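The following exercises are to be worked through with the sequence and the coordinates at hand. Each task is followed by a solution in steps.

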Amino acid sequence: MKGKTNFINASDYKNQKEIILAHIKQYGNISTLEGYNKYKIMRVGSVINMLRNEGYNIKTIMEYNRNKTKRFARYYLKEGEKNEIL
């Protein structure tokens, strides 16, 4: 049996919003680095902004790499998942 991977099959989804949302729902969060390394999405923050505009409740936490030399964003889906847009 092969080891478990921690990314979704991007070919199952139509666009970057669906890929990012599916990843967050399955794994609980995604970072800008993961978005690029796993799915070749260069502007994860832009995709997150589009999801927020659609009513998704997404929280941003800024983190540092292991050497504390670089900062990056990690995005989480908050409780309630999606707000109704009036």
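A residue is called buried if its relative accessible area is under 20%, exposed if that area is over 50%, and partly exposed in between. The model examined here is a predicted one.

**Exercise 1. Describe the chain as a whole: how many helices and strands does it have, and in which pattern do they follow one another?**

Step 1. The protein chain contains three helices and three strands.

Step 2. Along the sequence, these elements are arranged as α-β-α-α-β-β.

Step 3. Of the 86 residues in the protein chain, 30% count as buried.

Step 4. Among the contacts with a separation of 6 or more, 44% are made by residues 24 or more positions apart.

**Exercise 2. Determine whether I20 is buried or exposed, and state which residues it is in contact with beyond its sequence neighbours.**

Step 1. I20 belongs to helix α1.

Step 2. The relative accessible area of I20 is 0%. Since the limit for a buried residue is under 20%, I20 is buried.

Step 3. With neighbours within four places in sequence left aside, I20 is in contact with I30, I41, V44, V47, I48 and L51.

Step 4. Residues up to four places away not being counted, I41 itself touches Q16, I19, I20, G35, Y36 and V47.

**Exercise 3. Identify which members of the largest nonpolar core touch the most other members, and which element gives the largest share of this core.**

Step 1. The largest nonpolar core has 17 residues, of which I20, I41, I48, L51 and Y75 touch the most other members.

Step 2. Two or more residues of this core come from each of α1, α3, β2 and β3.

Step 3. The largest share, five residues, is given by α1.

Step 4. As a general background, nonpolar side chains in soluble globular proteins tend to be buried together.

**Exercise 4. Explain where the buried residues of helix α2 lie around its axis.**

Step 1. Helix α2 spans residues 32-39, and E34, G35 and Y39 are buried in it.

Step 2. Viewed down the axis of α2, the buried residues fall within an arc of 100°, and therefore they line one face of the helix.

Step 3. Just after α2, K40 adopts a positive phi of about 60°.

Step 4. The charged end of K40 sits over the ring of Y36, at 5.0 Å from the ring centre.

**Exercise 5. Find how many salt bridges there are, and examine which parts of the chain they link.**

Step 1. The criterion is a side-chain nitrogen of Lys or Arg within 4 Å of a carboxyl oxygen of Asp or Glu. By this rule there are four salt bridges.

Step 2. One of them joins K17 and E54, whose closest N and O atoms are 2.2 Å apart. This pair links distant parts of the chain, 37 residues apart: K17 is in helix α1 (residues 16-27), and E54 is in the loop between α3 (44-53) and β2 (56-64). K17 is partly exposed at a relative accessible area of 23%, and E54 is partly exposed at 31%.

Step 3. R74 and E34 form another salt bridge, with an N to O distance of 3.3 Å. Because R74 lies in strand β3 (residues 71-82) and E34 in helix α2, this pair ties together parts that are 40 residues apart in sequence. R74 is buried at 15% relative accessibility, and E34 is buried at 17%.

Step 4. R74 also meets E63 in a salt bridge, at 3.1 Å from N to O. Here strand β2, which holds E63, is linked to strand β3, which holds R74, and the two residues are eleven apart. E63 is partly exposed, at 22% relative accessibility.

Step 5. E34, K38, E63 and R74 are linked in a network of salt bridges.

**Exercise 6. State whether S31 is buried or exposed, and which residues it is in contact with.**

Step 1. S31 lies in strand β1 (residues 29-31).

Step 2. At a relative accessible area of 2%, S31 is buried.

Step 3. Apart from neighbours within four places in sequence, S31 is in contact with V44, F72, A73 and R74.

Technical notes. Residues are numbered from 1 along each chain as its sequence is written. This is a predicted model: local features need pLDDT of at least 70, side-chain atom pairs count only at pLDDT 80 or more; totals for chains, interfaces and linings use all residues. Side-chain values use heavy atoms; hydrogens and water are left out. Buried means under 20% relative accessible area, exposed over 50%, partly exposed in between (1.4 Å probe, protein chains only). Helices (H or I, at least four residues) and strands (E, at least two) are DSSP runs, numbered from the N terminus. The arc is that of the directions from the helix axis to the C-beta atoms. A charge sits over a ring if NZ of Lys or CZ of Arg is within 6 Å of the ring centre and within 35 degrees of the ring normal. Contact means heavy atoms within 4.5 Å. A nonpolar core is a set of buried Ala, Val, Leu, Ile, Met, Phe, Trp, Tyr and Cys residues joined through side-chain atoms within 4.5 Å.
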